[in-house]
Amino acid sequence: RQGLLRGNRQSAGSEVIAGAMLKSIADALTRLLEGVMVLCLVVMLVMVFGNVVLRLGFNTGIDLSEEMPRFAFVWMTFLGAIVGMRRRAHLGVDMLVRALPVLGRRVCWGISQAVMLVCCLYIFYGTWLQHDIIAGNASPVAQLSMLWVFGVSYVTGAAIGLICLSNLIRLFAGKGGDDELIDVHEEGMAD
């Protein structure tokens, strides 16, 4: 009997360690995405500002400064959606959900996670269906395959889908806290 209890404690301890390791990996990936977003912002700022200075001061410009900031903005937006989902920072309306009891909140949260998972699967699948068309098109100035621009939807669909799947698994395993059931958090507002 003591061996059984010791085995349960060891498996519970290994679950905690595995959970902590997965959380640290997710945190590191989130920081990496934030770094790429900062890089996108810097590319947009430098290229647009540099092009304005060149056009106003020297009556010339950089042709790439038309496309590259736009592509960087697409990447920044899609990667920002992943970071926002990870931090539960997306906009939402929670009037109805706040009025529900905890079981109702759990059901609504589970439904919303399932719907988002289906949407992520459609994003990924739709990009896969368009893959050859997107890859065959090149941007007019840089002659860059448009897959480098719109392929970020593979990353976004997969990442947000994994977050939603993880949330659903935690919900059904009873691991999620009641504070997670409302995904809307007002900045600067105290409860």
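The side chains of Arg86 and Asp27 meet in a salt bridge, with N and O 2.3 Å apart (a salt bridge being a side-chain nitrogen of Lys or Arg within 4 Å of a carboxyl oxygen of Asp or Glu). Because Arg86 lies in helix H2 and Asp27 in helix H1, this pair ties together parts that are 59 residues apart in sequence (helices are DSSP runs of H or I with at least four residues, numbered from the N terminus). The model is a predicted one, in which local features need pLDDT of at least 70 and side-chain atom pairs count only at pLDDT 80 or more, while totals for chains, interfaces and linings use all residues. Residues are numbered from 1 along each chain as its sequence is written, and side-chain values use heavy atoms, leaving out hydrogens and water.

Asp27 also pairs with Lys23, the closest N and O atoms being 3.1 Å apart. These two residues are 4 apart in helix H1, which means about one helical turn between them. Lys23 is partly exposed at 49% relative accessible area, as is Asp27 at 25% (buried is under 20%, exposed over 50% and partly exposed in between, with a 1.4 Å probe and protein chains only). Arg86 is likewise partly exposed, at 28%. Shared partners join Lys23, Asp27 and Arg86 into one network.

A further salt bridge brings Arg87 and Glu34 together at 2.2 Å, N to O. Here the partners are 53 residues apart, with Arg87 in the loop between H2 and helix H3 (95-99) and Glu34 in helix H1. Arg87 is exposed at 51%, whereas Glu34 is partly exposed at 23%. The whole structure holds 4 salt bridges.
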